[in-house]
Amino acid sequence: MPVSSEEFDAVVVGGGPGGSTAAALIAMAGHRVLLLERERFPRYQIGESLLPSTIHGIGRLLGVEDELHEAGFMRKRGGTFRWGSAPETWTFSFADAPGLGETGGYAYQVERMRFDALLLDHARRVGADVREECAVRAVHHHDGRVTGLTYRSPEGTEAEVRARYVIDASGNTGRLHTAAGGRRVYSPFFRNIAVFGYFEGGRRLPPPNQGNILCAAFDTGWFWYIPLTDRLTSVGAVVHREHADQVQGDPEQALAKLVDQCALIRDHLADARRVTEGTYGRVRVRKDYSYCNTRFWAPGVALVGDAACFIDPVFSSGVHLATYSAMLTARSVNSVLGAGMDEGRAFGEFEARYRREYTVFHDFLAAFYSMQAPKDTYFWQAHKVTGGQAGALASFINLVGGLSSGDRALIDADQLTGRLATASRVLDESADGYQADPAGDPWDESPMLGETFAQSDALAGQGVARGDFAEKTPQFPGGLVATADGMHWAEPAGEPPGDTP
């Protein structure tokens, strides 16, 4: 039986970027927040390549942008790809995105142990009660609402927490997501397996792109090559499940054999040695089976980051989706607790925006996996997914930079569940038939895509513009807008309250 009982406005489960961001933003609004993390930081985590939206949008909103700069993380100007039918590599730069330029046209490659600890420490400083090595044991319900949870302390005692809101940021392996109801739907397209390790002394791309992520497709799948420091590189191979036999047995041997199959990565590692000691000394395997829950919230509970959905890592969207959804959740909690906003209206906005962001990435990446299409095809597909309001290359950069958060959401969970089953076929056919000419575009007939709103750089651009996060118009008919501080929802000026998106 629990030996103690406490009460908070919100309890956040998970101390990664999503959990730390949500806890900090709720605490910064003056609410009582408890964050429970089952491990002791710093701890290892994969997902080291960030996007500008996290640095300049979320970072400025939290007030950690200077800390991130002073941490000395590797600056990432964009991405370099050996992908598609052309044998040569091609590069995109974040600085080419409208609203970013050189000021905001970069992100970082980070060692997640350091990055996550920085965000968790910040949550502590702004008022969140952070408790590590605390594992959640049960979630409590009353009259159809989540009302708190029970957790076990490092000493082995159990404690009960009552809270207006439980925020699940426990990642893809947690089980708290079931408290929101619904079910987890797996994408039929992204069913991949990743095997990865770390190397010292690997080659760098020529300046000024030495900090870029390098992605290289080969017959079995694709590689990421992420320069974390001048000497340390994260290297991983992602293969489809039909090639799972290539990662069976010893992971170290499997990674070595896959490296040998990809000439570009093999050449970059020619003078490198694999790290064999310490945190980075083990070759790891992870199943990257992409999924999306049919519900992101229920009365008293909300799902953040991988707890709600997970998408293939090819464009480094994991931390972006986690921190972006945490911001949306915090706005909803703050608006209900601080301003008395209707819960369904506030959290309906959260789910609408988050589901849209996941869907945009899912749709585009499904098409991107058509590896033999020329690169212009990818640019034009991004152009369609983000609404066609910018040029093809600019739309591509906005999307992979995590800047398309103003686009239309495919917000109906049941519709999305059905569409996931046909996404691969529809997008593959579109990619095969599409040319770099909008006339006769088969994407117009795709049931996966629809009209979108033109706010492609809503988050990072606001951060670059010195942190005024105010929105004048809603992203959905009858929807809400963000306040200038970025931490609350508000009704659009001059409009009566609308229906929940």
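The following dialogue discusses how to read several features of a predicted model.

Trainee: How many helices and strands does the secondary structure of the chain come to?

Mentor: This is a predicted model, and its chain has 14 helices and 21 strands.

Trainee: What share of the 501 residues is buried, and how much accessible surface does the chain have?

Mentor: Buried residues account for 60% of the 501 residues. The accessible surface of the chain is about 18,700 Å², and carbon and sulfur atoms contribute 47% of that surface.

Trainee: Among contacts with a separation of 6 or more, what percentage joins residues 24 or more positions apart?

Mentor: The figure is 71% of the contacts with a separation of 6 or more.

Trainee: How should I read the packing of two helices, and at what angle do α2 and α8 pack?

Mentor: One takes the angle between the axes, with angles under 35 degrees counted as roughly parallel. Helix α2, residues 52-62, packs against helix α8, residues 318-339, at about 30 degrees, and their axes lie 10 Å apart. α2 is therefore roughly parallel to α8. The crossing of this pair is left-handed.

Trainee: How do the axes of α1 and α8 cross?

Mentor: The axes of α1 and α8 come within 8 Å and cross at roughly 25 degrees. By the cut-off of 35 degrees, α1 is therefore roughly parallel to α8. α1 passes α8 in a right-handed crossing. On the α1 side, P17, G18, T21, A22, L25 and I26 take part, meeting V319, A322, T323, A326, M327, A330, V333 and N334 in α8. The contact of α1 with α8 divides into 10 nonpolar residues, 4 polar and no charged.

Trainee: What is the packing angle of α1 and α5, and how far apart are their axes?

Mentor: Helix α1, residues 17-28, and helix α5, residues 112-125, pack at about 20 degrees with axes 8 Å apart. α1 is therefore roughly parallel to α5, and the crossing of α1 and α5 is left-handed. The α1 side of the contact consists of P17, S20, T21, A24 and M28, while α5 supplies R112, F115, D116, L119, L120, H122 and A123. The residues of the contact of α1 with α5 divide into 7 nonpolar, 3 polar and 2 charged.

Trainee: Which residues is R353 in contact with, leaving aside its neighbours within four places in sequence?

Mentor: With those neighbours left aside, R353 contacts Y324, L328, R331, E471, Q475, F476, L480, V481 and W489.

Trainee: Is D271 buried or exposed, and where does D271 lie?

Mentor: A residue over 50% counts as exposed. D271 has a relative accessible area of 70%, so D271 is exposed. D271 sits in the loop between α7 (263-268) and β15 (273-274).

Trainee: What distance separates the C-alpha atoms of D271 and G201?

Mentor: The C-alpha atoms of D271 and G201 are separated by 6.4 Å, while the two residues are 70 residues apart along the chain.

Technical notes:
Residues numbered from 1 in each chain as written. Predicted model: local features only at pLDDT ≥ 70, side-chain atom pairs only at ≥ 80, totals over all residues. Heavy atoms only, no water. Contact = heavy atoms within 4.5 Å. Helix = DSSP H or I, 4+ residues; strand = E, 2+ residues; numbered from the N terminus. Buried < 20%, exposed > 50% of the residue type's maximum accessible area, 1.4 Å probe, protein only. Areas by Shrake-Rupley, 256 points an atom, 1.4 Å probe, with all protein chains shown as cover. Axes fitted to C-alpha atoms, helices over the stretch in contact; angles between N-to-C directions. Parallel < 35°, antiparallel > 145°, perpendicular 65-115°, else oblique. Left-handed = near helix turned anticlockwise from the far one by under 90°. Nonpolar A, V, L, I, M, F, W, Y, C, P; charged D, E, K, R; others polar.
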